[in-house]
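The sequence and structure come next.

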Amino acid sequence: MQLVLLARLLSVGRAVLAALRGRLGALCWSLAPLSLSLPLSLSLPGWRDSAPRQQREQEGDDAAPTPTSVNYHFTRQCNYKCGFCFHTAKTSFVLPLEEAKRGLAMLKEGGMEKINFSGGEPFLQDRGEFVGKLVQFCKQELELPSVSIVSNGSLIRKQWFEKYGEYLDILAISCDSFDEDVNVLIGRRQGKKNHVENLHKLRQWCREYAVAFKINSVINRFNVEEDMNEQIKALNPVRWKVFQCLLIEGENSGEDALREAEKFVISDEEFDRFLDRHKDVSCLVPESNQKMRDSYLILDEYMRFLNCRNGRKEPSKSILDVGVEAAIKFSGFDEKMFLKRGGKYVWSKADMKLDW
């Protein structure tokens, strides 16, 4: 009789515990950020995990990629109007400096080795002081192996190099043509400043302040037939990144886009011919549309990873809200393609054997 009573008590106790477990799980789930998608798992003696083994194994295989190299587009504002731009001025938001630093520290904790600051135009915010302070923070306090900037170069002053040059590993300047008329057609010009002349001045400052110099070029309908061999060899950058013009819905293509880049698009065959024409340039690093689309970790002005797998930029939750590991799972980042395209290279100027 006592055994029967004890069995009934145990049965009731289990039922009560099950009800409490369900209510507590529902409460915690409602409080957690939805994007985390982390089911509550309470371990009770004698209870088995209700999730099927196959589901648990699949979740284990979906490990978040490591944010080894991150491109932080902290502003969308720009002083140029490049017709093919695929990160346009859809907002004017910029995080407060301390919040940006907090996010960068989180990325370092998550495994970041290289940070690249981009835009928009990075030197537009506070006349370059904002990006300068971030560069100094990443090199001096976070001790990142590589800190770089991509800029159109038009707003950089020599005083900036004097103040922040020692903390910067690589400065990449966007230059799509050495014909100033072509630059005007593309939209890479402001006022009367000559983009090509300014490029040579920045090259000299990089030598003076021991900053590795890089050139980025977007190959499009207006420059695809150009021969840049002589000019690139004379400037002697550490890398010449050559991108095929890319369409991103909502940025430079589609109804809600701020640009109409369709007229700039070239075929794969045309891109290949441009590469063949410049095959003797030793620093050439080509990137087709296929290589570009999923092999970059892009962080927007809210510190959200942007997933470009579906041809448009779909944001994750901000790392400031949900953490790096939870946000990066929605980045669409192809780590294998990142390595295949040579995304990891000698990127610290301390390791470069350069004749400044």
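A salt bridge is taken here as a side-chain nitrogen of Lys or Arg within 4 Å of a carboxyl oxygen of Asp or Glu. The model is predicted, so that local features need pLDDT of at least 70 and side-chain atom pairs count only at pLDDT 80 or more, while totals for chains, interfaces and linings use all residues. Residues are numbered from 1 along each chain as its sequence is written, and side-chain values use heavy atoms, with hydrogens and water left out.

**Salt bridges**

Across the whole structure, a search finds 14 salt bridges.

| Pair | Closest N and O atoms |
|---|---|
| Arg-188 and Asp-176 | 2.5 Å |
| Asp-300 and Arg-304 | 2.8 Å |
| Arg-277 and Glu-225 | 3.6 Å |

The surroundings of each pair can be described by relative accessible area, where buried means under 20%, exposed over 50%, and partly exposed in between (1.4 Å probe, protein chains only).

Arg-188 and Asp-176 form a salt bridge that links distant parts of the chain, 12 residues apart: Arg-188 lies in the loop between α6 (180–186) and α7 (195–208), and Asp-176 in the loop between β4 (170–174) and α6. These elements are DSSP runs numbered from the N terminus (helices H or I, at least four residues; strands E, at least two). Arg-188 has 7% relative accessibility and therefore counts as buried, and Asp-176 is buried as well, at 0%.

The salt bridge between Arg-277 and Glu-225 ties together parts that are 52 residues apart in sequence, because Arg-277 lies in helix α9 and Glu-225 in the loop between β5 (212–219) and α8 (229–235). Arg-277 is partly exposed at 27%, while Glu-225 is exposed at 59%.

**A patch of negative charge**

On the surface, Asp-268, Glu-269, Asp-272 and Asp-276 gather in a patch of negative charge. Such patches are made of residues with over 30% relative accessible area and no salt bridge, like charges being joined within 9 Å. Asp-276 lies in helix α9, which spans residues 268–277, and its relative accessibility of 46% is why Asp-276 counts as partly exposed.

Key
Patch = residues over 30% accessible without salt bridge, like charges linked within 9 Å, V, L, I, M, F, W, Y side chains within 5 Å. Areas by Shrake-Rupley, 256 points an atom, 1.4 Å probe, with all protein chains shown as cover. Lys, Arg positive; Asp, Glu negative; His and termini not counted. Charge placed at Lys NZ, Arg CZ, Asp CG, Glu CD.
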